[in-house]
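Here is a short tour to read with the structure open on your screen. Take a moment to find your way around, then follow the points below.

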Amino acid sequence: MTPLRRAAPLAALAPACLTALALACLAALALALAGCASQAAPPRPPLAVRPVAWPAPGELGPVRAVADDGDRVVLFHDGAAAVFVNGALARVERAPHRWVSAAVVPAPDGYGTWIVGADAEGRLLRLPSRGAFEPVADHYGLERAAVRAAAGLGGGAAFALDGEIAVADGERVTRYATGPLAAFAAGGGRVAFALGGDEVIALDVAPRALRSYPLEADGPAPLLAVTAAGALLAATPAALYAEDGAGVLRLRLRASAALHGLAVSGDRVWFADGGELGVLDASGARATRGARLPEAGRLIGSPSGDVWLLAAGALRRFAADDVGAGPAWGDIAPVFDRACARCHRPRGEGGVDLSTRAAWASLREAIARRVVEERTMPPPGHALSEADRARIRDLVERLAPPARR
């Protein structure tokens with residue numbers, strides 16, 4: 001069994017400057033996000049987004065949480081979970097749980113990832129690729145703990161408990177007493193949390209170093225996110241902040257209405273400001289204009305670069321429609337009509353709508369694997385030439401987000 005250390009008060013960890021390794025990770029984010037300016041970025045052209053069609057799993061009631069590992073997406077409903085594989089509904093798993101959160105986390109042995117959900121009673125359960133939900137808190141040394149949320153660290157997993165955080169690094173589980181958590185996020189070897197609205201605390205897991213980030217005003221608990229490079233993002237209703245390469249949390253955006261969503265999706269940072277969606281990148285922030293989305297929803301990231309918007313139990317998925325140059329959709333449309341349309345139009349036989357560029361962007365990994373690499377699609381009887389496959393390969397490569405520098 002994984003050895004478990006007694007909870008240590010965070011005050012016992014002396015606040016320290018970030019190590020050179022942590023600074024190196026943050027420097028990568030600085031190039032991608034922050035720069036050196038301390039003021040909000042100048043206005044930019046509006047962001048264009050497209051809804052990504054997603055099949056309805058039937059009458060399962062409101063969605064409570066979402067876990068997305070790219071190939072597999074699980075929607076957690078009270079009493080059930082709908083499992084999608086490569087965009088198609090694969091099964092519905094019934095379970096008597098009221099879900100409060102879900103995540104994709106590394107398996108305790110470090111091999112692969114698990115999709116887990118936390119229910120209202122604090123139980124942590126894994127949904128295997130096949131079979132029913134199974135309790136897994138004991139695998140992470142959390143047998144008697146109430147788990148409220150989980151997150152991947154990149155090299156382990158972090159958990160929000162009642163008045164504690166727990167970090168599983170593959171060898172041991174370390175628990176830290178924090179007090180009641182108001183916000184929690186993890187990634188890139190760091191855990192970020194807030195106890196109120198005037199301060200964010202980040203724990204660098206490897207050196208066990210703490211860093212405190214004061215916020216401008218004492219208000220509601222901030223929204224938190226941590227990138228794969230380990231950089232912290234925080235959003236209050238009034239402003240969005242991102243950590244630069246020197247470990248300084250800098251203002252990146254003043255809200256037009258009120259910020260209520262923040263998520264890291266692959267290499268993209270999404271935010272929700274009133275009824276608009278926005279993206280933060282190296283050049284600053286861009287937002288939609290006139291989207292009129294629900295103003296109380298929360299955002300959930302996807303490794304595809306898309307984002308989920310969950311509001312009042314209703315779930316929608318969006319893709320940024322700015323994938324740039326490359327094969328025009330019109331060049332692929334004839335191939336789609338000839339070889340794919342019978343199964344992959346809206347409500348088609350295949351159950352996956354691929355009739356839009358945004359849908360191809362969201363499922364590009366699965367398309368590349370099945371059409372270009374494995375050649376299991378399209379099925380026999382649907383002609384696809386080598387030139388057609390080359391066009392598809394070129395399109396999905398260009399639809400991929402830019403490589404991390």
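Predicted model: local features only at pLDDT ≥ 70, side-chain atom pairs only at ≥ 80, totals over all residues.

In soluble globular proteins, nonpolar side chains tend to be buried together, and that is a handy idea to carry into the first topic.

**Nonpolar cores**

- The largest nonpolar core has 21 residues, and the members that touch the most others are L354, W360, I367 and I392.
- Two or more residues of this core come from each of α2 (329–339), α4 (357–362), α5 (364–373) and α6 (386–399).
- Another core, of 19 residues, lies apart from it; A103, V116, A137 and L161 are among its members.

**Strand β21 and its burial**

- Strand β21 spans residues 239–243, and five of its five residues are buried.
- One face of β21 carries A239, Y241 and E243, the other carries L240 and A242, and both faces are covered.

**Partners of β21**

- With strand β20 (residues 232–235), β21 pairs in the antiparallel sense over three bridges.
- In that pairing, Y241 of β21 has A234 opposite.
- Three residues lie between β20 and β21 in the hairpin they form.
- With strand β22 (residues 249–254), β21 again pairs in the antiparallel sense, over five bridges.
- Here R250 of β22 is the residue that stands opposite A242.
- The hairpin of β21 and β22 has five residues between the strands, and G247 in its turn has a positive phi of about 80 degrees.

Note on methods
Residues numbered from 1 in each chain as written. Heavy atoms only, no water. Core = buried A, V, L, I, M, F, W, Y, C linked by side-chain atoms within 4.5 Å. Buried < 20%, exposed > 50% of the residue type's maximum accessible area, 1.4 Å probe, protein only. Helix = DSSP H or I, 4+ residues; strand = E, 2+ residues; numbered from the N terminus. Pairing = 2+ DSSP bridges.
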